Amino acid sequence: MTTLDHPGGDTVVGQPATVADGPFSTRQLLRLDEALRSADQQTGLTFSVYIGELDAPTRESAEKLHKQIDDSDHAILIAISPNQRKLEIVTGNEARKRVTDRDAKLAGLSMAAAFAGGDLAGGILSGIDQLASHAGRR
């Protein structure tokens, strides 16, 4: 499994793990990685996904993670804590001009519906796609 030590790269972020003990198959990881790369290239924004525990309050924790992304003004972070049943989407100042709070909320609702059905990877893919579509091309 490809992981990063901090959000802002070109793949899924979270606790270092192998595919055998992670939530995703190798195929799912490849699809997620490609979705993030594609969203970055199409929009000129940086898309990142964090999966893991978030400190309380979860919004502030997600915002701290978002600030660690290089050029966080142009970044979108999807922070998911499955055990806490929390989802946070954080947009930087410039990214927010292209992805409104309403857009993020709609993507979040779609993701939550997939998560409730047991499809973590599909929900993330859907969210990345929706957010990138709202952001448009660079």
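Is K97 buried or exposed? K97 counts as exposed, at 63% relative accessibility. Here buried means under 20% relative accessible area, exposed means over 50%, and partly exposed lies in between (1.4 Å probe, protein chains only).

This is a predicted model, in which local features need pLDDT of at least 70, side-chain atom pairs count only at pLDDT 80 or more, and totals for chains, interfaces and linings use all residues. Residues are numbered from 1 along each chain as its sequence is written, and side-chain values use heavy atoms, with hydrogens and water left out.

Side chains of opposite charge can pair when their charged atoms come close. A salt bridge is a side-chain nitrogen of Lys or Arg within 4 Å of a carboxyl oxygen of Asp or Glu. The structure holds four salt bridges. One of them joins K97 to E94, at 3.0 Å from N to O. E94 is partly exposed, at 30% relative accessibility.

Salt bridges with shared partners link R59, E63 and E88 into one network. Within it, R59 and E63 meet at 3.2 Å, N to O. Both lie in helix 2 (residues 58–67), four residues apart, so about one helical turn separates them. Helices (H or I, at least four residues) are DSSP runs, numbered from the N terminus. R59 is partly exposed at 33% relative accessibility, and E63 is partly exposed at 32%.

Helix 1 (residues 26–43) contains D33 and R37, again four residues apart, about one turn of the helix. Their salt bridge has its closest N and O atoms 2.8 Å apart. D33 is buried, with a relative accessible area of 15%, whereas R37 is partly exposed at 34%.

Key:
Helix = DSSP H or I, 4+ residues; strand = E, 2+ residues; numbered from the N terminus.
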